[in-house]
Amino acid sequence: MLSALALALLVAAVPEPSAAPPPPRSEHPLAFVLSGGVSLGSYEAGLAWASVRFPQVASARGLSGGRQRVPRLTAVTGASAGSINALLSALIWCESPDTTADASVDSNLLRDLWLPVGLERLLPEDPTVYSDGDAILSTLPLTEALAALERKLLAPDASRRFQPGCRLPVGLTVTRATPETRLIAGLPTLTQKFVLPWVLEVTREGQPRLRRQPLTAGRDAGDDVLRLPELAGVPPEEAQLGWSQGWQALLASGAFPLAFAPRPLCDCAVECPSDQQVEANACQGPGQLLPPMSCASQSSQGAPLQLCRRRYVDGGIFDNAPVGLAIDLTESTYTPALLQPTRYLFVDPDLRRLLPYREPLEHKPTEGSGFTAGVQLLGSLVSTGRNVDLARAVRAGRWNRTTQGLLRETAASLLPFIFIHLQLHALREGTSIESLEPPSAFPDITQHGRFGRLLAECFDEGAQDVPEHWHACAQRFVALSQDVAPSRDDTPPLSSEKVVWLAERVTAQADHLRGPGRMAFAPKGALPPPYIWEQEFIDRLICGTAALYFLADEVDALASSSLSPERLQQTKAALLGVVQIGRRLASATNAAANTLLLHNLERLEADAELSAVATQGRKAVAALEAGVLFSPADLQPLLTALAPRSSGEPAEPGPDAVVRLRHLVNLHPHLQRASSQAEALSRESRELLEHRGGERALLLSSRFSPLASSHLFNFAGFLDRPLREFDYYAGVYDAAQAASMAMCAMPEVAPSPPMRRLGVPNALDLHEPGTQRCLGYALRHVAETLDLSSSPKARYVVGRLARLELAAALDNRTLATELEREPAWAWLEDFAAVTPDPALGAVADALLSRLAPCAEKSQEPLCVKDLSFEAFISALREHGYVAQSPHMQQAMEDVNGWAMRTMRQVLDRSHAIERQETTQSPVVRSAVLLAHSAGQLWLRRAEDVTPTTTYPRFVWDLSTIPTSNASGRSSGLRAAAHLLPYRMSFDVAHGGISLAWMEPALHLSSRVSLMSTVEPLDIQSENDRLSSTVGLRPALRLGDVTVSTGPRISFPWVNGNGVDVGGELRVGGLQDRVGVSVGVRRMFAPREEGPGWFVALSVSDINGLAYWLML
């Protein structure tokens, strides 16, 4: 993920004073982009702390040897929950190097804000806890946390000091609740997306403050800037926003629709509707009014800007990945050195690495026009809308097209050419032919000093330009690159001037190769230059490839050097010019392959059986333009004729021609792939050379472990503190793992030689033991730098995840166990040895309990599967998890019952909010309240019939009337509703009606219950009989249908004697609200009276229906 973090291993950034001269070229620009994710904010908090803290500690300690590089955070942006973490990360970044307040992984601004926030406070049972204007969830926990944070920032504290002069741009996104209409070329358009570009600045006295950060003209986000007012009565040069206004903006950016209420923000507008204009002292902050605010410092000559108050919600609705804002902030405030790309690190908690293998599923488009299809379409539109700005920024941003990346890719693209030419030489000379498959990975340069000196020696102008010289150099490069256990390299690195000289020499050699008599294009039909068949050609190719690898690693050092911009531009042109050799090499290699093919076809023409088809193929190849590779389709008739023949079968003119033909055809896909890659790299190098702006690199974060917070639409982390704790430490692990990968990607600091993937040379090959060995050393160093061993919880989670990921990356548990015994990974034994906290250990056991194969051909399950929420709760029970919060206790006891109760609580709160709304039209308000009442009726009955884990369960009253008054309703309404009967049954066969006010039930399981009949009034019209009836019916629930049968006893009051014993069969549906009963009233009655058959239709929960819908 965060590959730029390894720059901190050399020397991390100390914030530059605002009055200082332009930053030195040794700085490496780095920007963070944090997406939203509700309770996933705890995961982002751990990742952000480690990502910011690591450079600070490495900077303070320094490293012996190596070249000093200074990573500099140029901007940090966020959306929704990511906006809060963005600002807190900026505050930690601007702390003095010697501060200790946020030095511990167990105690820092990020962790202390997120971990205390639980669902029991966000969704309180007591409605008086809600603040005015709250929605479903209470903002009190967040406002209290932000108030405590402000006290920490402003109160004198020797343990937390900020670096005077630190300036760091911070940006967040918000969404206006009401669209704004804009005229573009006379066409009215609507927009709701706005951005807040700020700068966190530390005063000379060491106090942090927030100020506006203007964007340079023409920036993409310029039209969407929301200009917040500043504190009134402050000189323009000291204008600032005030922390309370900053907290209010953070709450607006994180106001997830429906869950949190829109937050009012004041902004400075040219035009503002009269009903939204406010006075200077009427701007709202978290729980209170802000100090007087002013737009004076932003008003130019002419009409002053107006103070306008409008409501805003979650900024992630339209831009959940504000990469574009990070670009605008960075390029408005920072100018990187030439050859030095700005790295934008996009933190996306949803992106996982090493996922289990899944069988490919055939994607079927959503069909139909019903409600389900509409919901699926709406979900797709929302998902696309949240990331549309990311897609736009990536498409228009020239991402990952950097000088260093192109050099490394070009060097990797030359390796297949070396392999191909070795094959072609063997075919031409008739020697043994090795395997046709090139290596999938190659080692990195580890002995950088020795490598550089060897390159300088081999490319020295004074060296003899003879084949023996290049052959000796090639052999030495091969030996040096294959040294998997290199000795200590104390050779001083090449100076910047020497590196530039080497780049020019490599360029000259490339020109030499393509000059007259070397690799000049042959005319149509002519043979390639003889030089291509000499061993010297392959030796020069090996030396040139080694030089490109070395120069790619030196780009950062060149950008950090004292070379003039003009000299760097010349060097860049020279380096990118070398990339063009791949296209010319591909053309010459194709010509060589065609020549060999023509020679073999001519020999096959001597075979009478093959003459016609061989001649046909030869003519097709001979007609090709110079440098165009042959097509196997032109040889298909010949290959078909050769199919019956065995390659070892003696046949004139000899089997060698057939063998060579087949080998050339098998080489075709390698030739074609290498040629296509060379052409693409050549095109990209030309575009990069023509572009005069800065280079950009987009780096994506990823996580290894499933997260507790990712369930329930990313709200599950609020259920219990141990869930948020695990996610937090998992974020710390992922940041440490990313920094380790970045270390291994830098040859001069890699603790051991890793392997790179041939197809993706800018990425390490994580399946190679050599790479994992390097990662083990590096991860131990990062853990020591962050002092993770002092935290039992961090030590446990990091060790547990590292051990699992090691086995999953290698896809071999035995090999992983062997590596754990080596020095690189031996530290794991201490880290994952003891579970520090039973609750945290149970969460880890549950989340990591399900393993599956990592790939289609994996021999054992080693990759961690994501669990459904129900499976996660079940796994927690299996591992003895003890819940700490009431909500988690209920979920552990009965996950379905908890879900129903929570949904009902949400509906109760929503109903209370709607009853307080007075601005809606009466028709809309009545319709919404009616919908809430219908929801209450359904949810309360569903809560009773939902499968639970607590059996047997006795229910005294099945009515949906609440046990306490609903919000906005008096106690008299509830008492009046209970006067109505619960069930009314009508005898449609003989006439009659029965009334029941209560029907107790005993639920024995999710499907079996004992239902009762308690009818104080049972009127039979046929006999004018009045009775009271009781009964007991075992019931079986089949989906939404309940079947029950059992005896009943009636006690006549009028026109009856004794006791009537009968029986009843009832079938109920619609949550048992309607039913049909068939039975007899008198099983033992005299024959002349008859059994008293009846057929009854019943309706239940009449009193609940009246309470929720009518009263």
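Two strands count as paired here if DSSP finds at least two bridges between them, and the strands themselves are DSSP E runs of at least two residues, numbered from the N terminus, with helices being H or I runs of at least four. This is a predicted model, so to speak of local features we need pLDDT of at least 70, side-chain atom pairs count only at pLDDT 80 or more, and totals for chains, interfaces and linings use all residues. Residues are numbered from 1 along each chain as its sequence is written, and side-chain values use heavy atoms, with hydrogens and water left out.

**View 1. Strand 21 pairs with strand 22 in the antiparallel sense.** The link from strand 21 to strand 22 is a hairpin of four residues. Leu 1004 sits in that loop, between strand 21 (1001–1003) and strand 22 (1008–1020).

**View 2. Strand 22 also pairs with strand 20 and strand 23.** With strand 20 (residues 992–996), strand 22 runs antiparallel over four bridges; Ile 993 has Ile 1019 as its bridge partner.

**View 3. A nonpolar patch lies on the surface.** Its members are Leu 1004, Val 1008, Leu 1036, Leu 1038, Val 1041, Val 1043, Leu 1065 and Val 1067, together showing about 550 Å² of accessible area. Strand 23 (1025–1038), strand 24 (1041–1054) and strand 25 (1060–1069) each give two or more residues to the patch. For the cut-offs, patch residues have over 30% relative accessible area and no salt bridge; like charges are joined within 9 Å, and nonpolar side chains (Val, Leu, Ile, Met, Phe, Trp, Tyr) within 5 Å. A salt bridge, in turn, is a side-chain nitrogen of Lys or Arg within 4 Å of a carboxyl oxygen of Asp or Glu. Areas are Shrake-Rupley values with a 1.4 Å probe, and for residues only the protein chains shown count as cover. Leu 1004 counts as partly exposed because its relative accessibility is 39% (buried is under 20%, exposed over 50%, partly exposed in between, with a 1.4 Å probe and protein chains only).

**View 4. Gly 1063 is a buried glycine in strand 25.** Gly 1063 counts as buried because its relative accessibility is 16%. Leaving out neighbours within four places in sequence, Gly 1063 is in contact (heavy atoms within 4.5 Å) with Gly 1046, Pro 1047, Arg 1048, Val 1078, Gly 1079, Val 1080, Met 1083 and Phe 1094. Trp 1093 is 30 residues along the chain from Gly 1063, and their C-alpha atoms are 9.8 Å apart.

**View 5. Thr 173 is buried in strand 3.** Strand 3 covers residues 167–184, and Thr 173 has a relative accessible area of 0%. Its side chain reaches the backbone oxygen of Gly 315 at 3.1 Å. Beyond four places in sequence, the residues that Thr 173 touches include Gly 78, Ala 79, Phe 194, Ser 253, Asp 319 and Leu 325.

**View 6. Zoomed out, the protein has 31 helices and 27 strands.** Of its 1111 residues, 54% are buried. The protein exposes about 46,900 Å², with carbon and sulfur atoms supplying 57% of that.

Notes
A polar contact is a pair of N or O atoms within 3.5 Å; within protein, one must be able to donate a hydrogen and the other to accept it, and residues adjacent in sequence count only if both atoms are side-chain atoms.
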